[in-house]
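Let's take a walk through this one together, a stop at a time. Have a look at the fold below, and then we'll start with a pair of helices.

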Amino acid sequence: MSVEGEGLEAGKRVLELTSPLALAGISIFFITTYFSDYIIVPAKSKGQVIRALEDRGFRFEESAEAYVNPAARHERNKSSTSSLGTPPPTTMDELQSRTFALLERHGISPKVDADLRLLQCAGRRSHSDGRPTDEMALQVGLTKCLLYQPRFLSLTLTENEAASLLLDRRLVSHFEPNNVLLGNKEDFLIPIMLDLEPLPLEATGIVCGLAGKLAGGPAGGSLSGAIEMLYLSTARTGTVMVEEKDLVHAMEALRTEEKHGG
């Protein structure tokens with residue numbers, strides 16, 4: 001499901017989207033792209049997801065072919081967070097506590113590669129005259145990146161949007177000419193990775209618990225200010241991305257919660 005979050009800052013958007021699903025006990029994959037956010041859910045949960053989002057104010061817009069939250073425009077590999085059979089949490093405080101308790105039980109802690117800096121970029125559509133110059137250059141650049149054996153490269157392709165990339169900043173040189181990629185090449189993101197392989201695939205509340213701690217909300221009050229974040233789910237890893245200036249505070253927040261036992 002594609003969700004547009006105009007008016008919401010990235011970290012708050014993650015929290016806004018994931019909290020109703022986490023409280024409903026729905027497991028998700030979450031992908032932040034250059035253009036939109038994508039929530040990947042089990043097919044059997046589709047109806048429940050739609051109800052949860054609509055109850056939170058999201059509505060499907062045919063023109064955008066995505067869910068949007070009109071109210072927000074005024075602001076700018078398998079268990080749940082608890083064991084199977086345990087009812088979903090009823091409050092954000094409870095959800096956050098369960099999330100960090102689950103991570104602690106499985107020995108999962110945040111890790112940072114001090115040398116890795118990421119850029120969020122996007123490809124350009126073909127020229128209006130039909131010449132696929134930019135798309136060809138993008139394909140060549142991606143091929144070069146794969147030959148380089150990248151340390152970090154995430155590519156999201158959808159029917160209605162140009163390609164969206166999260167990549168090691170050192171890979172940008174493979175894309176020529178320089179205007180092939182949209183995005184600020186100076187705004188670096190630092191990935192904080194959590195190895196979620198020990199968890200069952202149907203685990204719930206992970207994304208929301210982390211976002212609540214960093215981006216703020218009812219359960220995120222330990223920080224003096226909210227930390228902007230992006231999130232990327234993969235089969236084995238959950239990756240939180242923050243600006244370099246926020247890295248120390250983000251790690252302190254996540255580790256403090258660990259020490260408190262969730």
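In which sort of crossing does H1 pass H5, left-handed or right-handed? The crossing of H1 past H5 is left-handed; that word applies if the near helix is turned anticlockwise from the far one by less than a right angle, while clockwise makes a crossing right-handed.

Before going on, a word about what you're looking at. This is a predicted model, in which local features need pLDDT of at least 70 and side-chain atom pairs count only at pLDDT 80 or more, while totals for chains, interfaces and linings use all residues. Residues are numbered from 1 along each chain as its sequence is written, and side-chain values use heavy atoms, with hydrogens and water left out.

Back to our pair. Two packed helices are described by the angle between their axes and the distance between the axes. Here, H1 covers residues 10-23 and H5 covers residues 206-215; they pack at an angle of about 140°, with their axes 8 Å apart. (Helices are DSSP runs of H or I with at least four residues, strands are E runs of at least two, and both are numbered from the N terminus. Axes are lines fitted to C-alpha atoms, for helices over the stretch in contact, and angles run from 0 to 180 degrees between N-to-C directions.) H1 and H5 are therefore oblique to each other; under 35 degrees would count as roughly parallel, over 145 as roughly antiparallel and 65 to 115 as roughly perpendicular, with the rest oblique.

Who actually meets whom? On the H1 side you'll find Gly-11, Lys-12, Val-14, Leu-15, Thr-18, Ser-19 and Ala-22, and on the H5 side Val-207, Cys-208, Ala-211, Gly-212 and Ala-215; contact means heavy atoms within 4.5 Å. Sorted by class, the contact of H1 with H5 has seven nonpolar residues, four polar and one charged. (Ala, Val, Leu, Ile, Met, Phe, Trp, Tyr, Cys and Pro count as nonpolar, Asp, Glu, Lys and Arg as charged, and the others, Gly among them, as polar.)

H5 is mostly covered, with 10 of its 10 residues buried; buried means under 20% relative accessible area, exposed means over 50%, and partly exposed is in between (1.4 Å probe, protein chains only).

H1 has another partner in H2 (residues 46-55): their axes come within 9 Å and cross at roughly 125°. That crossing is right-handed. Leu-17, Pro-20 and Leu-21 of H1 make the contact with Val-49, Ala-52 and Leu-53 of H2. This time the classes come out as six nonpolar, no polar and no charged residues.

Next stop, Asp-37, which sits in strand S3 (residues 37-40). Is Asp-37 buried or exposed? Asp-37 is buried, at a relative accessible area of 2%. Its side chain makes a polar contact with the side chain of Arg-13 (2.3 Å), and another, of 3.5 Å, joins the side chains of Asp-37 and Thr-32. (A polar contact is a pair of N or O atoms within 3.5 Å; within protein, one must be able to donate a hydrogen and the other to accept it, and residues adjacent in sequence count only if both atoms are side-chain atoms.)

Finally, find Val-240 in strand S13 (residues 237-243). Val-240 is buried, with a relative accessible area of 0%. Leaving out residues up to four places away in sequence, Val-240 touches several others, including Leu-210 and Leu-214.
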